[in-house]
Amino acid sequence: IQNQPVIVVNIPAAYLKVYQTNTPILEMRMVVGKKSTRTPTLASTVTEVILYPYWHVPKKIATQELLPLIKRNPSFLDAGNYQVLNMSGRIIDPYAVNWSVYSKSYFPFLIRQSTGCDNSLGLLKLNFYNPFGVYLHDTPSKNLFTLNSRTFSHGCMRMEKPMELGHLLL
């Protein structure tokens, strides 16, 4: 569409530029995927700007990273503002679950992190169609933008100036 801003993320440089008719109108540092969970290359169109998003923890992260922590101490969920949902989408009491019987291959739950400043997605998320389950989002870990190497994510692209981009798109 003519005169629409174009967002270009340079993954190796961990840098984003927004162009309007070939002129950069916004630039920022990014945090991109680490070596084991690289950010995929793709082309798409931003379809949603979400303020105060929930983070629906991907199953791989939930089972490989969070489940061991939950098994050691279920209060980990409270400390991180996580909720456990059954497959019908209902919130369940994590203290009523026998976590020892669940594993990477058998985990009939969804874990989501409540909205707010400490949410892993920060205060803004930009959705766009892609088969990789990645998106552009804010982050509470602002200190990472001061580093020269900014490869820390599971594949998503964390923005240094999310509100500026959100405002521009809206």
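I start with a definition: a residue is buried under 20% relative accessible area, exposed over 50%, and partly exposed in between, using a 1.4 Å probe and protein chains only. What you see is a predicted model, in which local features need pLDDT of at least 70, side-chain atom pairs count only at pLDDT 80 or more, and totals for chains, interfaces and linings use all residues. Residues are numbered from 1 along each chain as its sequence is written, and side-chain values use heavy atoms, with hydrogens and water left out.

The overall picture, then. The C-alpha trace spans about 55 × 30 × 25 Å along its principal axes. Of the 170 residues, 38% count as buried. The secondary structure is three helices and 12 strands; helices (H or I, at least four residues) and strands (E, at least two) are DSSP runs, numbered from the N terminus.

Next, the sheet. Strands of a sheet pair through backbone hydrogen bonds, either parallel or antiparallel. Here two strands pair if DSSP finds at least two bridges between them. Four strands form an open sheet in the order S5-S8-S6-S7, with antiparallel pairing. Strand S5 (55-56) and strand S7 (91-92) are at the edges with a single partner strand each, so one side of each has no neighbour in the sheet.

Strand S8 (residues 109-113) pairs with strand S6 (residues 82-86) over five bridges, in the antiparallel sense. In that pairing leucine 85 faces leucine 110, and valine 84 is opposite isoleucine 111. S8 also pairs antiparallel with S5, over two bridges, and there tryptophan 55 stands opposite glutamine 113. How many of the five residues of S8 are buried? Four are, and the strand is mostly covered.

Now the rings. Rings of Phe, Tyr and Trp (its six-membered ring) pair if their centres lie within 6.5 Å; planes under 30 degrees apart are stacked, over 60 edge-to-face, and the rest tilted. That rule gives seven aromatic pairs. One of them, phenylalanine 76 with tyrosine 82, is stacked, at 5.6 Å centre to centre and 20 degrees between the planes. Tyrosine 82 is buried at 14% relative accessibility, while phenylalanine 76 is partly exposed at 23%. Tryptophan 99 and tyrosine 102 are edge-to-face, because their planes stand at 65 degrees, with the ring centres 6.2 Å apart. Both of these residues, tryptophan 99 and tyrosine 102, are buried. Ring pairs join Trp99, Tyr102, Tyr106, Phe107 and Phe109 into a cluster.

Two charges also sit over rings, in the sense that NZ of Lys or CZ of Arg is within 6 Å of the ring centre and within 35 degrees of the ring normal. The charged end of arginine 112 is over tyrosine 54, 4.1 Å from the ring centre. For lysine 125 the ring is that of tyrosine 135, with 4.1 Å to its centre.

Last, the surface. Leu51, Tyr52 and Met163 make a nonpolar patch of about 310 Å². Patches take residues with over 30% relative accessible area and no salt bridge, joining like charges within 9 Å and nonpolar side chains (Val, Leu, Ile, Met, Phe, Trp, Tyr) within 5 Å. Areas come from the Shrake-Rupley method with a 1.4 Å probe; for residues, only the protein chains shown count as cover. A salt bridge is a side-chain nitrogen of Lys or Arg within 4 Å of a carboxyl oxygen of Asp or Glu. Methionine 163 lies in helix H3 (residues 162-169) and is partly exposed at 39%.
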